[in-house]
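This is a short report on the fold and packing of one protein chain. Please read it beside the sequence and the model.

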Amino acid sequence: MEHRRKKILKAAFTLSCAFLLIVLGSGLWAAPKLIQSAKGGNCAACHTDQPALSQSHPDTKDMNLEACRACHTRENMDLTGKLPASHMHLLGGVSCEACHGKTNKPEETPMEKCVACHGPTAKLAEKTKDVKPTNPHTSPHYGTELDCNLCHHQHKKSENYCAQCHSFDFKTP
Amino acid sequence: MKKGDVTEKTLSRRGFLKTAGGAAAVAGFAAGGLGFPSQAQAGPDALPKKWDETCDVLVVGSGFAGLAAAIEAKEAGASVMVLEKMPTHGGNSIINGGVMAVVGSDMQEARGIKDSPDLMLADMMKAGLDMNYPELAKMVAYQSKDAYDWCKQHIGVKFTDPKMLLHMGGHTVARSCPTSIYSGSEIVNKELAKFKELGGTVTTRTYLEKLIRHANGRVVGAQIRTGYRFPDAGSGKVKFVKVKKGVVLASGGFSQDVAFRMTQAPNLVAEVNSTNQPGATAEVLKEAFRVGGNPVQVSWIQLGPWASPDEKGFGLAPHFATGPVFSYGIMVDPKTGKRFISELADRKIRADAIIRTGHAAIGISDDEGQKSCGGPPGTVGKLVERGVVKKFDTLEELSKAHDMPYAAVKESVDNYNSYLKTGTDKEFGRYLQPDAKPIEKAPFYAVRLWPKVHHTMGGVQINTSAQVIGLDGKPIEGLYAAGEVAGGVHGAVRLGSVAVVDCLVFGRIAGKSVAKMKAWS
């Protein structure tokens, strides 16, 4: 009996160690903590481990999206697809709460929220009708109603959902 | 082994987990599904302690078949849940070319084409090498007109002008009706609209993990995952759904499931591309087998001969290949410059013939032929712009660009042109379109053709009421299947444009049958 208990304890110890390692390990790899109160330009508020921008980049602490665009134009150093869209939102003055509401447990944001600010999808499709090789905002499959979130991710790199089957070379903001 | 041993082992194991602070570990086992599972057992499934949701009918999949079943069941008064594991509805149906084989359509009538259900049945059986379950194939041929009328009149699907009626490979006559936008989305989106109008919803990102088959043999529910993120097996939240009438499996085929595909056809390695959407995987089919469904012809996997290696997925090339090349042009082996197969043979014969040459075939057409190209408006232009179809001033330039012996290519074209005059293809006995003109008018067009995995004919056995048949030859109570997940309708080879009608016919049958089932409580 005694022997058995020892064995169990040993196994438990090993398992706990493994568990601890996993927890610690994941901590090291963790994404930056999302500080809800942080201003969009205050990179260091969330990016505590490593600076988000190179040292030669001007201080962004008090910048908003308009200030970024003083240098980053469409033609020169385009930001499209470079920054996660949540950052563009924050820099543009759209807080976490604006999409997720006041909560400690943010849920996924339905497309209706996007449309509420950005306007009807049909209008968007009209605006992008000349994009080559084809209009990204309408298709024979889903019309203009494909969920925005399928391409425009907020907290990770956006993707080109069409690319599952097509070779459309879109730059997704 | 004594009974006591098992109990002791089980208990000590449980004790161990507890001491080790094992809640996390237990959860880990459950989520990871380490693979000792109920799969091995043939007996009944454990019922959950609590059902999270209840419905009469649970439909798995939101393509042609699933939505047809959902509409019929809903209209018969059943409460219906439709699950879709992907973030968008429609499965493969929504990227499908949208062409439907129909006997006796108004399009055939307008064109004065004589046809009969028996003729379509004979075409299906011939291509299927008589491996089709005749009673299932017959349902499709005989109910095609009814399904077409349902599409037009009941859910408002629009088809093209009769002059665009297609004559597809393996069919004796032109009977394939394209939807107005040459996409299955025209049907599937109208089905969805109808289902919504009836008060139904499709729950996307919801995965069927397990069917629950009661000790009495009946399928009584399902274990699902909501908020699932394809393809992460452990994602989402587990829920149990009590299903009072029955589950309809309409989960499609497994063309994109390389691992399972290779267990059936080892030569279909990952490098062989597919026309399908990424969610065309086998887990629901495997679940049907696990609960005792009888597997039918699972290794019969179809490759599409009209696919181009120069674009992704199904693409647009199939539209160009089907009309301008196969009906109004020719296909040659670039090495010899000669035709090597009837361009209107069934898909398997053509795909096998291309693969046997060891390289992509070259489809040739001219300015007259390209007019027969289907697809969305501007398809030829888009194909040329994307470099999938290439345009040349002379046949000689076309041959040179593809490393083909010009003299042989010229001879092939001249031969074909002479057959048009006599009305007989002396080489391959191909059906010649009565309105075909000789290939002689510049510009000339070329497309490279190399097959892609397109359709899985096999699946779980069903009867004419769409009930799943078990290994014991008897229907599994409370379990239905329709569309590509079911096997037997097409036998060895499915003819082009017969999948759409198969899905609609059997989807509707499944919906009607399951609604009639007596609810359990």
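The model is predicted: local features need pLDDT of at least 70 and side-chain atom pairs count only at pLDDT 80 or more, while totals for chains, interfaces and linings use all residues. Residues are numbered from 1 along each chain as its sequence is written, chains are lettered from A and ligands numbered from 1 in the order in which they are written, and side-chain values use heavy atoms, with hydrogens and water left out.

Chain B holds 15 helices and 20 strands, taken as DSSP runs numbered from the N terminus (helices H or I, at least four residues; strands E, at least two). Of its 521 residues, 58% are buried (under 20% relative accessible area with a 1.4 Å probe, protein chains only; exposed is over 50%, partly exposed in between). The accessible surface of chain B is about 20,900 Å², and carbon and sulfur atoms account for 54% of that surface (Shrake-Rupley method, 1.4 Å probe). Of the contacts (heavy atoms within 4.5 Å) in chain B between residues at least 6 apart in sequence, 75% link residues at least 24 apart.

A nonpolar core is a set of buried Ala, Val, Leu, Ile, Met, Phe, Trp, Tyr and Cys residues joined through side-chain atoms within 4.5 Å. The largest has 104 residues, and Met100(B), Leu249(B), Leu504(B) and Phe506(B) touch the most other members. Helix H15 (residues 498-516) of chain B contributes the most to this core, with 11 residues. Another core, of 24 residues, lies apart and includes Leu316(B), Phe340(B), Ile354(B) and Leu383(B). Beyond its neighbours within four places in sequence, Leu249(B) contacts residues including Val60(B), Leu211(B), Val284(B) and Tyr480(B).

| Item | Value |
|---|---|
| Residues of H3(B) | 64-75 |
| Span of H3(B), first C-alpha to last | 17 Å |

The expected span is 1.5 Å times one less than the number of residues. In H3(B), 10 of the 12 residues are buried, among them Phe64(B), Leu67(B), Ile71(B) and Glu72(B). Gly77(B), with a positive phi near 100°, follows H3(B).

An open sheet of 5 strands in chain B runs in the order S12-S11-S13-S15-S14, with antiparallel pairing; two strands pair if DSSP finds at least two bridges between them. Strands S12 (338-339) and S14 (389-392) of chain B are the edges, each pairing on one side only. S11(B) (residues 330-333) and S12(B) are joined by 2 bridges, and Asp333(B) has Lys338(B) as its bridge partner.
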